[in-house]
Protein chains: 2
Amino acid sequence: MLSERQMMILRAVVRDFTNTGVPVGSKALAKQLPIHVSSATIRNEMAALEEQGLIKKTHSSSGRIPSVEGYRYYVDHLVKPDPLQPNDMDVIQSSLGGDFHKIDEIISQSATILSNLTSYTAFTLKPELKDARLSGFRLVPLGRRQVMAILVTDGGDVENQTFDVSEDVKGDQLEAVVRLINDQLVGLTLPEVIKKLQLDIPAQIANYLQSPTGFLDIFGDVLTRAAQERFYVGGRLNLLNFSQDSDVDSLKSLYSLIDQSDDIANVLGQPSDNISVQIGNEMTNDALRNYSLITATYDVDQHGKGMIAILGPTRMPYSRMLGIVGAFREELAKKLLDYYRFYDE
Amino acid sequence: MLSERQMMILRAVVRDFTNTGVPVGSKALAKQLPIHVSSATIRNEMAALEEQGLIKKTHSSSGRIPSVEGYRYYVDHLVKPDPLQPNDMDVIQSSLGGDFHKIDEIISQSATILSNLTSYTAFTLKPELKDARLSGFRLVPLGRRQVMAILVTDGGDVENQTFDVSEDVKGDQLEAVVRLINDQLVGLTLPEVIKKLQLDIPAQIANYLQSPTGFLDIFGDVLTRAAQERFYVGGRLNLLNFSQDSDVDSLKSLYSLIDQSDDIANVLGQPSDNISVQIGNEMTNDALRNYSLITATYDVDQHGKGMIAILGPTRMPYSRMLGIVGAFREELAKKLLDYYRFYDE
DNA sequence: CTTAGCACTTGTATAGTTTGAGTGCTAAAA
DNA sequence: TTTTAGCACTCAAACTATACAAGTGCTAAG
């Protein structure tokens with residue numbers, strides 16, 4: 001249990017350290033705190049905080065820095081998100097103000113904006129399409145042997161892929177396949193489609209094609225690609241700014257982590273309704289030991305929930321970042337609502 | 001004019017320095033050179049080389065390192081490409097041996113292989129499609145308002161893009177447009193298409209559509225995208241390995257250079273038939289001051305010429321790199337010939 | 001033309017010194 | 001019981017001094 005004063009001190013330690021990067025000492029705190037006590041008193045309180053594992057020293061006679069637990073306590077109990085700078089709000093409004101023609105453009109742009117505002121690395125994920133439904137499938141012959149498969153979901157997402165077919169496949173065969181898929185699978189959610197694809201379809205498709213497997217592979221391919229959550233990343237290079245002492249190896253592994261959609265999905269974890277903060281080694285992944293991750297969902301009503309996140313050093317100014325993330329999720333949700341409203345009407 | 005012995009010394013200085021990164025002194029050279037002379041003699045020769053601006057000191061009593069001019073002389077007159085390591089050849093063969101279904105897959109894979117072999121950053125460009133011809137155009141209605149435009153070249157390249165149309169555009173209108181384009185433009189080279197697109201087409205298309213501009217924009221868009229040379233990049237992160245003293249800013253500008261297709265095309269320059277080396281500030285771009293670029297074309301007979309390149313530190317082992325690039329361009333050309341032979345038959 | 005010898009330069013590494021910010025503890029004051 | 005002044009102690013960082021190794025240019029002799 002912390003006293004009011006201890007909380008005040010912990011808050012000040014975190015704020016100071018995240019701003020300056022320098023361990024903070026008792027004297028500096030005494031000067032700065034609103035209450036009037038001597039540095040010796042502060043020292044006693046700091047000893048108590050250290051006892052509880054919330055702050056620690058870098059060496060035996062240094063000032064204190066927050067421990068992971070200290071950050072945790074701060075984030076859970078003490079921090080108050082900064083209100084957004086008017087300037088930052090302008091940036092959001094104008095960057096998001098333009099006319100977009102695809103959801104993905106908005107989401108991708110969002111990653112850029114977020115990384116600019118924070119000067120960290122940002123991730124964005126569009127509203128989940130877990131229960132998006134297949135709304136259309138096309139096979140378009142392109143040349144003698146090439147065919148493009150196109151898949152559309154009811155959310156307006158489009159996935160496509162070109163592939164080769166043996167030359168003796170005729171146009172009406174393709175059409176039959178398309179009709180089959182459209183008849184049987186349209187309207188189902190993507191997971192349902194995948195299931196059905198493995199059970200019923202192969203037998204039926206064999207009526208039209210000698211070797212149905214190739215087709216099904218392709219269809220399955222674009223399908224999983226459509227169903228996969230894909231993250232946009234903004235400000236990749238910002239990692240370079242705060243990678244202490246140019247530890248090239250850990251940087252590399254961090255980058256390869258970021259570029260693997262699966263892994264990053266794993267790291268970001270399940271969306272909770274609130275803004276959540278993961279600090280340093282709270283994350284299982286070793287490459288993230290010195291980083292913190294702020295994730296938040298945004299809610300676009302009946303269109304589902306998406307996710308935004310920023311990745312920065314553990315020593316990041318949480319109050320400012322929480323303010324930015326909080327404000328941005330709102331703006332993004334608004335923008336998307338506008339977008340859907342326009343497109344659905 | 002250099003004497004035989006001076007050439008020998010210059011060659012040794014470059015070789016030594018590129019291998020070790022340490023300025024090389026007269027004593028080490030005397031020990032290493034095949035001729036039997038004292039270090040004092042070497043010193044005299046080195047003074048002469050320095051006089052001519054081919055080597056320089058890092059400080060008044062240090063050993064010598066090659067100057068840009070020294071590297072140039074070495075590359076132009078002294079270097080002999082190393083024969084490829086058998087091991088390296090294995091890597092190429094097996095990485096390129098698989099079954100590919102698209103040119104782009106081969107080219108993209110090539111960038112990865114090259115970066116692995118060299119542990120630098122590699123660029124690859126597929127055989128130029130300057131005179132690729134438009135072989136097909138499709139407009140596929142996807143939903144109420146979405147349409148996908150697909151463009152195919154005779155080289156088998158496919159570009160596509162989805163866009164929105166106002167709801168009152170009817171299917172037969174689309175078909176008319178497609179027919180128009182296919183009638184008038186198929187068979188022309190892409191530059192010709194672009195030209196005609198600005199002159200003849202707008203008037204004709206106005207017969208079918210109230211607002212033709214939207215369409216033409218889209219078509220122009222996919223067209224330029226198809227005509228644009230697109231580089232594949234392999235081993236981006238390798239830049240981190242040899243970015244001296246973690247100069248974050250120059251690294252960032254280098255990365256943004258790499259990620260801008262236009263810029264990098266500019267840097268790589270016009271394809272010459274040979275392997276060419278650009279050293280440090282010979283390149284106009286400031287971000288490349290401490291880097292060297294080896295570019296080479298590869299020739300796929302009637303299918304045109306493509307390009308490969310590697311970007312590494314100015315102090316790179318040129319003989320080995322030239323060997324790798326030289327061997328790789330051959331292998332890639334062979335592979336592509338195989339590919340085309342299979343596909344054209 | 002070559003080379004041994006030598007004085008001189010410079011970066012790097014090591015060890016010692018100083019300084020300053022900070023701590024814990026004690027004992028007196030509140 | 002809590003606060004505070006005072007003090008001895010610790011440690012990183014900055015600076016200084018010293019030694020060392022690798023290298024150079026130059027001179028004079030071979």
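A polar contact is a pair of N or O atoms within 3.5 Å; within protein, one must be able to donate a hydrogen and the other to accept it, and residues adjacent in sequence count only if both atoms are side-chain atoms.

## About the model

This is a predicted model, in which local features need pLDDT of at least 70 and side-chain atom pairs count only at pLDDT 80 or more, while totals for chains, interfaces and linings use all residues. Residues are numbered from 1 along each chain as its sequence is written, chains are lettered from A and ligands numbered from 1 in the order in which they are written, and side-chain values use heavy atoms, with hydrogens and water left out.

## Domains of chain A

Let us start inside one chain. Chain A is divided into domain 1 (4-78), domain 2 (86-128 + 230-344) and domain 3 (134-227); these bounds come from an automatic or database domain assignment. The centres of domain 1 and domain 2 of chain A, taken over C-alpha atoms, are 29 Å apart. Ten residues from domain 1 and eleven residues from domain 2 of chain A take part in their contact, where contact means heavy atoms within 4.5 Å.

Domain 1 and domain 2 of chain A bury about 910 Å² between them, 65% of it on carbon and sulfur atoms. Buried area here is the accessible area (1.4 Å probe) that two parts lose on being put together, summed over both. On the domain 1 side, A:Thr18, A:Val68 and A:Arg72 lose the most area to domain 2 of chain A, together 48% of what that side buries.

A:Arg72 also forms a salt bridge with A:Glu282, their closest N and O atoms being 2.7 Å apart. The rule for a salt bridge asks for a side-chain nitrogen of Lys or Arg within 4 Å of a carboxyl oxygen of Asp or Glu, and it finds one across this interface of domain 1 and domain 2 of chain A. There are also three residue pairs in polar contact between these domains (both residues at pLDDT 80 or more). Helix H1 (4-20) and helix H4 (68-78) of chain A are the elements that give two or more residues to the domain 1 side. Helices (H or I, at least four residues) and strands (E, at least two) are DSSP runs, numbered from the N terminus.

## Chain A meets chain B

Now for the two chains together. Chain A and chain B bury about 2,700 Å² between them, 54% of it on carbon and sulfur atoms. A:Leu142, A:Leu240 and A:Lys252 supply 19% of the area that chain A buries against chain B, more than any other three residues. Each chain brings 30 residues to the contact.

Between chain A and chain B the count of salt bridges is zero, whereas ten residue pairs are in polar contact (both at pLDDT 80 or more). Elements of chain A that each supply at least two residues to this side include strand S4 (134-141), helix H12 (248-258) and helix H14 (318-344).

## Around DNA strand D

Finally, the DNA. DNA strand D is surrounded by 19 residues, the closest being A:Ser38, A:Thr41, A:Ser60, A:Ser61 and B:Ser26. A residue is near a strand if one of its heavy atoms lies within 4 Å of it. Of the atoms of DNA strand D within 4 Å of the protein, 76% belong to sugar or phosphate and the rest to bases.

An N or O atom in the side chain of A:Arg5 is 3.0 Å from a phosphate oxygen of DNA strand D, and one in the side chain of B:Arg43 is 3.2 Å from a base nitrogen. The largest share of the surface near DNA strand D, four residues, comes from H3(A).
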